[in-house]
Amino acid sequence: MKISPSLLAADFLSLGKEIEKINASEADFLHLDVMDGVFVPNISFGFPVLQGVAGKCTKPLDVHMMTVEPEKWIGHVRDLGAAIMNVHQEACLHLYSTVQHIHEAGMMAGVTLNPATPVDTLTDIISDLDLVLIMSVEPGFGGQPFIRHTLEKVRKLKALRDSSGSGALIEVDGGVNAETGALLAEAGADVLVAGSYVFGSKDMDGAIRTLKNLT
Ligand code: DX5
Ligand code: ZN
């Protein structure tokens, strides 16, 4: 299993130290939640903070845009050196073009689905995607309980992905811990995002390793 710890749950007063811990861990990515107070009610951190993080983090950056018109930020996310740019299906009127522009900027293109958005909405674009991010909570806040129906969505997405010949990774975000992580691994997830479970743990390395060992 690949693991993408979510910086949203980090201690922002010790951000440099938190990133050093991630750098030294077995994490595969660092998940960065960008919010605009419009697409979601909350606000997290903006590009001045992200630039500092990007300069210090040695893991590939997995950027999750929870903003309206995410296409306006493709150049900024590229300039961070991000590996993956995730945009919400619900925020993109012209999703095909946005995905092409993310690719032209040299990044992996991920499309994110809110809990109530069906997997079938990606039928006609799945072959163009590098990753699908399934939200297992409503976006905007860390520490929420996992929505069980997500397991069914992951199974459906895996069937869609495999039948279309797409190589898109299946990533899941929200309420991930050792218990829900094990269920997600069984359902077919490839990447787990975890905020509170990783940063709230006294043993961050151990928490990451526990999730990483799930098959
Ligand atoms: C929620 C964010 C998540 C969040 C997950 O909008 O997309 O990445 O940090 O937090 P946990 O793992 O605490 O549910
Ligand atoms: Zn996220």
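Is Arg161 buried or exposed? It counts as buried, at 11% relative accessibility. By buried I mean under 20% relative accessible area, with exposed being over 50% and partly exposed in between, using a 1.4 Å probe and protein chains only.

Okay, some housekeeping. This is a predicted model, where local features need pLDDT of at least 70 and side-chain atom pairs count only at pLDDT 80 or more, while totals for chains, interfaces and linings use all residues. Residues are numbered from 1 along each chain as its sequence is written, chains are lettered from A and ligands numbered from 1 in the order in which they are written, and side-chain values use heavy atoms, with hydrogens and water left out.

Back to Arg161, then. You'll find Arg161 in helix α5. When I say helix or strand, I mean a DSSP run, H or I with at least four residues for helices and E with at least two for strands, numbered from the N terminus. Arg161 forms a salt bridge with Asp190, at 3.1 Å from N to O. That pair links distant parts of the chain, since Asp190 sits in the loop between α6 (178–187) and β8 (191–194), 29 residues from Arg161. A salt bridge here is a side-chain nitrogen of Lys or Arg within 4 Å of a carboxyl oxygen of Asp or Glu. Why would such side chains pair at all? Opposite charges can pair when the charged atoms come close. Asp190 itself is partly exposed, at 22% relative accessible area.

Lys158 and Asp162 make another salt bridge, 3.3 Å from N to O. They are four residues apart in α5 (residues 150–164), so about one helical turn separates them. Both ends are partly exposed: Lys158 has 30% relative accessible area, and Asp162 has 45%.

How many salt bridges turn up in the whole structure? Eleven. One of them joins Lys212 and Asp28, at 2.8 Å from N to O. Those two are 184 residues apart, with Lys212 in helix α8 (residues 204–212) and Asp28 in the loop between α1 (15–24) and β2 (30–35).

That brings us to β2. Six of its six residues are buried, so the strand is largely enclosed by the rest of the structure. In a regular strand, side chains alternate between the two faces of the sheet. On β2, one side has Leu30, Leu32 and Val34, the other has His31, Asp33 and Met35, and both faces are covered. β2 pairs with strand β3 (residues 61–66) in the parallel sense over six bridges; to count as a pair, DSSP has to find at least two bridges between the strands. Look for His31 standing opposite Asp62 in β3.

Last stop, the lining of the largest pocket. Which classes of residue does it have? Twelve are nonpolar, eleven polar and three charged. Nonpolar covers Ala, Val, Leu, Ile, Met, Phe, Trp, Tyr, Cys and Pro, charged covers Asp, Glu, Lys and Arg, and the others, Gly among them, are polar.
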